[in-house]
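Okay, thanks for coming, everyone. Let me put the model up and then walk you through a few pieces of it.

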Amino acid sequence: MPWWGWLITFAATWLVVGTIFDLLQTKHAIMRNYPFLGRFRYIFEKLGPPLRQYIVTSDLSERPFTRLHRGWAYQAAKGLSNTQPFGTQIDQDSPGVIKFSPAPFPTPDLHAKDDMQPVILGPNRSKPYAVTHVANVSGMSFGALSKNAVLALSRGVKLAGGYMSSGEGSVSPYHLEGGGDLFYQVGPGKFGCRNEDGTFNDEKFREVAGREQIKAVYVKLAQGAKPGKGGVLPKEKITEEIARIRGIPRDRDCHSPNCHAEFSDTLGLIRFVNRLRGLSGGKPVGFKCVLGGEEFIREVAQYIAQHDDGPDFIVLDGAEGGTGAAPMSLADHMGISLQESLAIADNVLREEGARDKVKLIGSGRIVTGAHAAIALGLGADLVHIARGFMFDLGCIQALQCNTNHCPTGIATQSKWLMRGLDPTDKSRRVCNYLHAVHHDVMMIVRALGLKDPSEIERKHMSMIVEPGRRVALTEIYPTSMKAFRATRVIRRADFSAA
Ligand SMILES: Cc1cc2nc3c(=O)[nH]c(=O)nc-3n(C[C@H](O)[C@H](O)[C@H](O)COP(=O)(O)O)c2cc1C
């Protein structure tokens, strides 16, 4: 029989067997009702998210990131011009759009350098850390990310003069090999510093945090995509190496606890922060959290105002933040936005007289310099970016982070898939992007007539609250909590009207 004869026989057998199987099975109604043809539904469902971006979507319709924003990150990562032709694509009258007020006489940019006043974390500690770029890499664990992705990020921040966070999954050999400055994150799972029963081990922590490459440490209370739930690493992604680094079994999903065994209230958290600082040899120590209101942050602020210890920095993650894997109900409905979190935290810290003693770092769907500048204007000293940096590594928003099938080799442990990600090439992109976000912020700073990112304030911004109505951010987010609470009702009315 010729080769095509075999091909036809094979295809016909597949069709007949597949049809009979579909007719007899009871699990999938569509396949039972439409034998064989119904299978294409699952193929298209799988191919839909990665292909949609090429064929169907407009520049503004994709979620969580529009093609416009992803495109910005791709261009920035390649070191290409980020100008756009023909004017804005964003509806200028759309509720939620934030506008900066341009200065009539901008700060001259000819010969201007992009240097900013360094932000010092823990200025009074024995090992303070000076941050020289507005945006750095947010926590994403080795495990959620492939080793090539971690290597590229670490090399990239080293090239750029920035830093990255380890994420919950501890410090891996790839963080160390890349050589970039590192913030060690201690999550409820205590990966890298845990006893066999999962509790905190001082000696192991001292060993990891004492490394020269670790510049700061922070406790993770929660992340925006899943407050109240610990990290989830699906078992498909747990390799032998990850199991060894984390100290976990391979035969089941790795669920970190949703809270720390070492403390259960604000004072307990602060004592733990102080303990970590002592064990780290005096490095800056902070915590990461998600806000739902002002009570918790006020307790922290009151402590800081009256003491010289406590956190050196607080990372506020907005509800719009990303993750490798999260339950939809938490991702969609738990916690408040980065914008509101920053306004609350900044207000409360000022009211309690603690603002000068602690730095605020914001994260939550920040991609461009404008996003970063808005966060700075609302109260952040710095920002962290996670998914923006994934775009530099080649992420196409295929939404497969939780399956181990990430087609770009970033959020997978498949050797075959990660083979496609060249850490050397991608590290240059990470460096370019980090500089591009910083440069974009500096461009806005000058357009506002200012000299340093720390000078951006709410008074420089306004928000479209309904078509044809623009309200100053000082009105939407007034700088006193009393006034702020009073505006909540108004704001809710505004948005529901729009
Ligand atoms: C793949 C992935 C893994 C993450 N892993 C962690 C983690 O281990 N610890 C953590 O605190 N946050 C983690 N995050 C959340 C980010 O650090 C960040 O808080 C959040 O994504 C907001 O940033 P973005 O909007 O710039 O992505 C992860 C996010 C992603 C996308």
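So, first a term: two strands pair if DSSP finds at least two bridges between them. Strands (E, at least two residues) and helices (H or I, at least four) are DSSP runs, numbered from the N terminus. This is a predicted model, with local features needing pLDDT of at least 70 and side-chain atom pairs counting only at pLDDT 80 or more, while totals for chains, interfaces and linings use all residues. Residue numbers start from 1 along each chain, as its sequence is written.

Let's look at strand E13, residues 382–385. E12 (residues 359–363) pairs with E13 in the parallel sense, over 2 bridges, and Gly 362 has Val 383 as its bridge partner there. To get from E12 to E13, the chain goes through helix H13, residues 369–378, in a right-handed β-α-β crossover; right-handed means the path from first strand over helix to second runs clockwise, with the strands pointing away from the viewer.

E13 also runs parallel to E4 (residues 135–137), joined by 3 bridges, and Asn 136 sits opposite His 384.

Are the faces of E13 covered or open? Both are covered: Leu 382 and His 384 on one side, Val 383 and Ile 385 on the other, are all buried, that is, 20 or more other C-beta atoms, placed from the backbone, lie within 10 Å of their own.

Now the ligand. 29 residues surround it, and Ser 138 and Ala 386 are among the closest; the cut-off is a backbone-placed C-beta within 6 Å.

Key: Buried ≥ 20, exposed ≤ 12 C-beta atoms within 10 Å, placed from the backbone.
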